[in-house]
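Thanks for coming, everyone. Please have a look at the structure.

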Amino acid sequence: MAKIKKKKTGKKTFKRKKKEALKVRFPLQAPRGTKDILPKDAPYWDFIYQVAKEVLESYNFQFIETPIFEDANLFVRGVGRETDIIEKEIYTFYDKSGCLLALRPEGTASVMRAYLENGMESWPKPVRLYYFGPMFRYDRPQAGRFREFHQIGAEIIGEADPIIDVQSIQILEKIFAGLGLKNLSLQMNSIGCNVCRPRYEKLLKDYYQLNRSKLCKQCRQRLKKNVLRLLDCKEEKCQQLANNAPQTVDHLCEDCGNHFKEVLGLLDDFQISYNLNSRLVRGLNYYSRTVFEIWPTYLEEGAQSALGGGGRYDYLLKELGGKPTPAIGFSAGCERIIAKMQSDNVPLPMRPQPQVFLIQLGNLAKKKSLQFFEKLRVAGIPVAESFGRDSIKAQLKRADRMQVKWSLIIGQKEALDGTVILRNMESGMQEIIDQDKIIPILLKRLKNHL
Ligand code: AMP
């Protein structure tokens, strides 16, 4: 069973907190760091998923969905016990049978577990998988940082060639371009392999030990367990130290050096511009060699930077009990993408708005209208109604508000003789038409609006 550090809380405090937590407080609110996806934002989500799906499937990725919670051990083993994600951010709970489960903090470990469990090791390589979904990390919420957030992610399993690193970056850039995002900058680094990284970490540790007194409290603790993370600390004094720290790229072994040179050469060949960022290490232990992130060029004060990022994780599958298999992947945060789309005023494809309003008068007409609505919907005519209202005035007012071009009115007489009144909402002109003929007539008149 995974051992996840529990904060020491006195028995009394714990009991008091538990009692407090059981009190219902009005108004009810979503938990801190989470938010509802409201109808006004739904078009952004539809658009992100649609563009990501189109791009990823055009590169032969197949969709996969894994459970939102997993055995906590998966993440301890996959992401790494000494990472912030496992030490501080992971949501864990015991279920009723005593299993220690965790809400997934990221997608790769789960996808690799599913890959191994479902016999994908025997599939022809590379295996290309993509996913969408919520992730959970307990962190201090701030602009662009939530406790529940959503990622789109993709993994290419079974290829070690540098060209695949470049293709991954290209795909992530294509998704962002398809979403209309501009002014982005690609950050690149290599964090080496099991041969050169320990040597580099030793150097880095020595450097930081000499400057220990200048570090923030958290970095002094990180120094013991996860020295690489000191490089991306956001504290001003730690950033200054990081600027002068030894750089990974200067200490790569020959193989990693050649791999990285090839990646950068290919980026140049494909005219993908990048910024070499020696402080980019990413927060998860499973990464090796190429790591990258995509940032907005201009950042608002206090906002979180990366829109997406990824890298190689050539040791992860072996770590999870599989055969040694090179792999690379990336993920991007939907909330941050939407914030960027909104601040850049990216136009969205709009869903067709109703052009026709169906008005009914009397019980028989109401029943007929319900059937008639179905016919119009199936014919692809966006139609609105207000079946709960009985007065014609109230229904016409609603039709006016919705700015539809046409209203269809079915009263007692029309319900009996199989006709419908077609009303032009601009001119107020009305025609009586057979119910059987109205769909082709409407389709013709709405031709330019559908
Ligand atoms: P990571 O798994 O940390 O590399 O995150 C990949 C992407 O997910 C980031 O580039 C962000 O866009 C997004 N992301 C990560 N953590 C959060 C968070 N706490 N809130 C919102 N988005 C996040």
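**Salt bridges, a glutamate and the ligand**

Lys88 and Asp84 sit 4 residues apart in helix α4 (residues 84–89), so about one helical turn separates them. Helices here are DSSP runs of H or I with at least four residues, strands are E runs of at least two, and both are numbered from the N terminus.

Before going on, the ground rules. This is a predicted model: local features need pLDDT of at least 70, side-chain atom pairs count only at pLDDT 80 or more, and totals for chains, interfaces and linings use all residues. Residues are numbered from 1 along each chain as its sequence is written, and side-chain values use heavy atoms, with hydrogens and water left out.

Back to the pair. Lys88 and Asp84 form a salt bridge, 4.0 Å from N to O. The term means a side-chain nitrogen of Lys or Arg within 4 Å of a carboxyl oxygen of Asp or Glu. Lys88 is partly exposed at 40% relative accessibility. Asp84 is buried at 12%. Buried is under 20% relative accessible area, exposed is over 50%, and partly exposed is in between, with a 1.4 Å probe and protein chains only.

Next, Glu87 and Lys225. Their salt bridge is 2.8 Å, N to O. Glu87 is in helix α4 and Lys225 in helix α8 (residues 217–225), so this pair ties together parts 138 residues apart in sequence. Both are partly exposed: Glu87 at 33%, Lys225 at 45%.

The whole structure has 21 salt bridges. Glu70, Arg113 and Glu117 are linked in a network of them.

Glu106 lies in the loop between β4 (100–103) and α5 (108–117). Its side chain reaches the backbone nitrogen of Ala109 at 2.8 Å. The Glu106 side chain also meets that of Tyr286 in a polar contact at 2.4 Å. That means N or O atoms within 3.5 Å; within protein, one must be able to donate a hydrogen and the other to accept it, and residues adjacent in sequence count only if both atoms are side-chain atoms.

Last, the ligand. 13 residues surround it, Arg137 and Gln151 being among the closest; the cut-off is one heavy atom within 4 Å. A polar backbone atom of Phe146 is 2.9 Å from a ligand nitrogen.
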